Amino acid sequence: MFRQLILGVGNNWLVAHTMQQYGMQLGARRFVAGANLDDAIGVVRDLNEKGIDATLDHLGESVTQLRQAEVARDSYLNMLDVIHAQGVRSHVSLKLTMMGLAINLDAARDNLRQIVERASDYNNFVRIDMEDSRFVSDTLALFQETWERYPDSVGAVLQAYLYRTMDDLTRLSETRKNLRIVKGAYMEPATVAFPSKPDVDDNYVRLVKYSLSKGNFTAVATHDETIIGQVLRYVKEHQIPRDAFEFQMLYGVKQSVLEELALDGYRTRVYVPWGHDWYAYYLRRIAERPANLLFFARNLMKR
Ligand SMILES: Cc1cc2nc3c(=O)[nH]c(=O)nc-3n(C[C@H](O)[C@H](O)[C@H](O)COP(=O)(O)OP(=O)(O)OC[C@H]3O[C@@H](n4cnc5c(N)ncnc54)[C@H](O)[C@@H]3O)c2cc1C
C-alpha cells in the first residue's frame, strides 16, 4: 500500500522534476555511490578491503532511443575495462530496458551479448536485474539465450512477489544457473503479485530453498534478518557448501549485517549504483520502507 502510494506519487511530473533537481541533497546520496564511476570504484575498493565483493550498476532504465541504449552499452563495456584495470572485485548489474528492451528486442539482445562477451573475456560476470512484470518474459528469454553461449558469465534475477516465479525457477533449474532471488521492488497489481507481505516472505524462503536444492548458485539478496537466519539454518542442515551461495545487499542498507556475515566466512556482495539517473532507483528505496520517507523529509526541513 505504502509502496503503491510512493511509486504512484513519484510518477507525477512536478515531483519527479523537483526530486531530480534537489534529490542528491535530499538523501539520494545515502543509496547512490556517486555521480561518476571513479566515486563508485572508491566505494568498491573500501568494500573489498572488508572482504565484501560488489556489483556495479550504472543507473538508468527505460531508454526511448536506440542511441541512448548504445551509450549505455558502451558505459558498461568501459566499466568492465575499468574493473579489470583497477583490479577491484566487482561484477556488473544492468537493466535490459536501459539496453533498449522496451523499443527493440534485437538491439537489446545485441547490446547484452556484447557486454557479456566482454565480461567473459575478463572472467567477470553480468547480472541482469529484473524490472516490472511487463518485461519478465522477454528478460528471461534473453537471459536463457545469452546463458547458452556464456554459461559462466551471466545470471538472472527472480522476484518472490510474482505468482509466476516458482514456475520460472523450476524451468530455469533444469540446468544449473546463477540466480539472484529478491522480493521485488515495483508497483504490481494483485493479478500478478502477492499483495500481502507475509505471502511474499514465505514465497521468498520457498524459492531460495528450492534454488539451493537444485544446485543453482543462489544470491540471497535481502536485508531481512529473519530470512537470513532461516537460510543460514537451511544451508547448515543440508550441508550446502559456502561457495554455492552468497548474501547480497544494497549500498546504504544494513552494511554492518553483511560485514558480520563476511567475517563469519560467507560470500557477500553489495549492489553499488552510480550515475546521474538515480531518481527511479531512489524512489524504489523510499517506497521499501516508511522510515526512509521520514529521512527524506528531515533532509527537506534542513534546507
Ligand atoms: C542486491 C539486491 C539486488 C536487487 N535487485 C533487484 C532487482 O533486480 N529487481 C527487483 O525488483 N528488486 C531488486 N532488489 C530489491 C528487492 O526486490 C527489495 O525491494 C528490497 O531488497 C527490500 O526487500 P528486503 O528483501 O530487504 O525485505 P524487506 O522486508 O522489505 O526489508 C527487511 C528489512 O530490511 C531493511 N530495509 C529494506 N529495504 C530498505 C531500504 N530501502 N532502506 C532501509 N532499510 C531497508 C528494513 O530494516 C526492513 O525492515 C534488490 C535487492 C538487493 C538487496
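Residues are counted from 1 along each chain, following the sequence as written. Because the model is predicted, local features need pLDDT of at least 70 and side-chain atom pairs count only at pLDDT 80 or more, while totals for chains, interfaces and linings use all residues.

The unreviewed UniProt entry carries the annotation "binding site", which covers Met 130, Gln 159, Lys 183, Gly 184, Ala 185, Lys 197, Thr 222 and His 223. UniProt positions follow the numbering used here, feature names are shortened, and such annotations may be inferred rather than shown by experiment. Gln 159 sits in strand S4, residues 154-159. (Strands are DSSP runs of E with at least two residues, helices are runs of H or I with at least four, and both are numbered from the N terminus.) Gln 159 counts as buried because it has 26 C-beta neighbours inside 10 Å. Here, buried means 20 or more other C-beta atoms within 10 Å of a residue's own, exposed means 12 or fewer, and partly exposed lies in between, with C-beta atoms placed from the backbone. Leaving out residues up to four places away in sequence, Gln 159 touches Met 130, Thr 165, Val 182, Lys 183 and Gly 184; contact means that the C-beta atoms, placed from the backbone, lie within 7 Å.

Gly 184, also in the annotation, belongs to the loop between strand S5 (178-182) and helix H8 (197-213). With 21 other C-beta atoms within 10 Å, Gly 184 is buried too. Its contacts, again without residues up to four places away, are Gln 159, Ala 160, Tyr 161, Leu 162 and Ala 193.

Next comes helix H7, residues 165-172, where Thr 165, Leu 169 and Leu 172 are buried. Looking down the axis of H7, these buried residues fall within an arc of 65 degrees, so they line one face of the helix; the arc is taken from the directions from the helix axis to the C-beta atoms. Among the elements covering them are S4, S5 and H8. On the other side of H7, Asp 167, Thr 170 and Arg 171 are exposed.

Most residues other than glycine have a negative phi. Gln 239, however, has a positive phi near 50 degrees. Gln 239 lies in the loop between helix H9 (225-237) and strand S7 (245-250) and is exposed, with 6 C-beta neighbours inside 10 Å. Lys 254 has a positive phi of about 45 degrees. This lysine is in the loop between S7 and helix H10 (255-263), and Lys 254 is partly exposed, with 14 other C-beta atoms within 10 Å.

Definitions and conventions:
Contact = placed C-beta atoms within 7 Å.
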